[in-house]
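Morning, everyone. I have one structure to walk you through. Let me put it on the screen.

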Amino acid sequence: MIKDENIELFHKMVAQVAGDDRLTQMKNRASVQLDFIDMVRSLIPEDDRSVVWEVGYGGGRTYDRLRRVFAQNPITVFDNRPDGTEMVEGDGNIFHYGDVFEVLPPIVSENIGKVRFMHADIGTSKFDRDMGTYASLGALAAPALAPGALVASDRPIAVEGWTLLKCGLDYPWSYFLWQV
Ligand SMILES: C[S@@+](CC[C@H](N)C(=O)[O-])C[C@H]1O[C@@H](n2cnc3c(N)ncnc32)[C@H](O)[C@@H]1O
């Protein structure tokens with residue numbers, strides 16, 4: 001279950017940017033994602049070679065940032081469309097094609113406590129459904145996340161005990177950064 005306070009926070013963030021035109025929203029979303037990923041980069045020591053997870057390749061924009069700023073870390077990408085396979089595998093990273101909820105369980109078992117950063121960007125326009133999706137994703141991924149790992153997400157995802165470090169209330173787009 002996602003906590004009510006985090007759901008309220010999300011609605012506040014959405015209300016804050018609701019009046020913006022879609023082009024501005026697109027720019028702001030990209031800008032927030034860039035800031036959050038770079039913030040995570042600054043919080044993880046350069047010599048840390050732990051695993052990074054990208055949940056939702058989409059158009060590959062955030063992956064492209066991740067592969068540059070985490071060039072020394074193995075990145076595993078999940079998407080239910082195969083579009084990023086060539087790019088990701090060409091980098092020597094791993095692409096898992098399929099529904100993340102079907103694909104993830106064995107990967108979690110192989111990665112207990114090994115993931116330093118998970119970026120999750122699979123939100124849709126169906127907020128109620130997203131809440132179930134993100135509650136399940138948090139619970140499923142949690143055993144693979146290292147103590148102190150960071151999780152950035154476009155929807156509330158917090159699992160019991162995770163700390164909210166940053167949110168989109170300070171930005172022109174809704175986003176969350178949690179620490180495990
Ligand atoms: C908003 S896009 C991600 C955009 C990406 N961060 C970027 O910068 O281009 C979300 C992606 O997640 C994928 N997705 C949504 N639900 C999924 C699921 N349950 N399992 C795997 N992939 C999923 C969608 O197909 C889509 O490609």
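Which residue forms a salt bridge with D38? R65 does, and the closest N and O atoms of the pair are 3.0 Å apart. By salt bridge I mean a side-chain nitrogen of Lys or Arg within 4 Å of a carboxyl oxygen of Asp or Glu.

A word on the source. This is a predicted model, where local features need pLDDT of at least 70, side-chain atom pairs count only at pLDDT 80 or more, and totals for chains, interfaces and linings use all residues. Residues are numbered from 1 along each chain as its sequence is written, and side-chain values use heavy atoms, leaving out hydrogens and water.

Back to the pair. R65 sits in helix α3, residues 61–69. D38 sits in helix α2, residues 22–43. Helices here are DSSP runs of H or I, at least four residues, numbered from the N terminus. The cut-offs: buried is under 20%, exposed is over 50%, partly exposed is in between, with a 1.4 Å probe and protein chains only.

How many salt bridges does the structure hold? It holds 10. Here are others among them. D83 pairs with R81, closest N and O atoms 3.9 Å apart. D83 counts as exposed, at 52%. R81 counts as partly exposed, at 44%. K166 pairs with D170, at 3.7 Å between the closest N and O atoms. K166 is partly exposed, at 26%, while D170 is exposed, at 56%. Then there is a network: D64, R67, R68 and D91 are joined by salt bridges that share partners.

Now, helix packing. Take α5, residues 100–110, and α6, residues 127–141. Their axes, which are lines fitted to C-alpha atoms over the stretch in contact, come within 10 Å and cross at roughly 15 degrees. Angles run from 0 to 180 degrees between N-to-C directions. Under 35 degrees counts as roughly parallel, so α5 and α6 are roughly parallel to each other.

Which residues make the contact? From α5: V100, F101, L104, P105 and V108. From α6: T133, S136, L137, L140 and A141. Contact means heavy atoms within 4.5 Å. By class, that is 8 nonpolar, 2 polar and no charged residues.

How values were computed:
Helices (H or I, at least four residues) and strands (E, at least two) are DSSP runs, numbered from the N terminus. Angles under 35 degrees count as roughly parallel, over 145 as roughly antiparallel, 65 to 115 as roughly perpendicular and the rest as oblique. Ala, Val, Leu, Ile, Met, Phe, Trp, Tyr, Cys and Pro count as nonpolar, Asp, Glu, Lys and Arg as charged, and the others, Gly among them, as polar.
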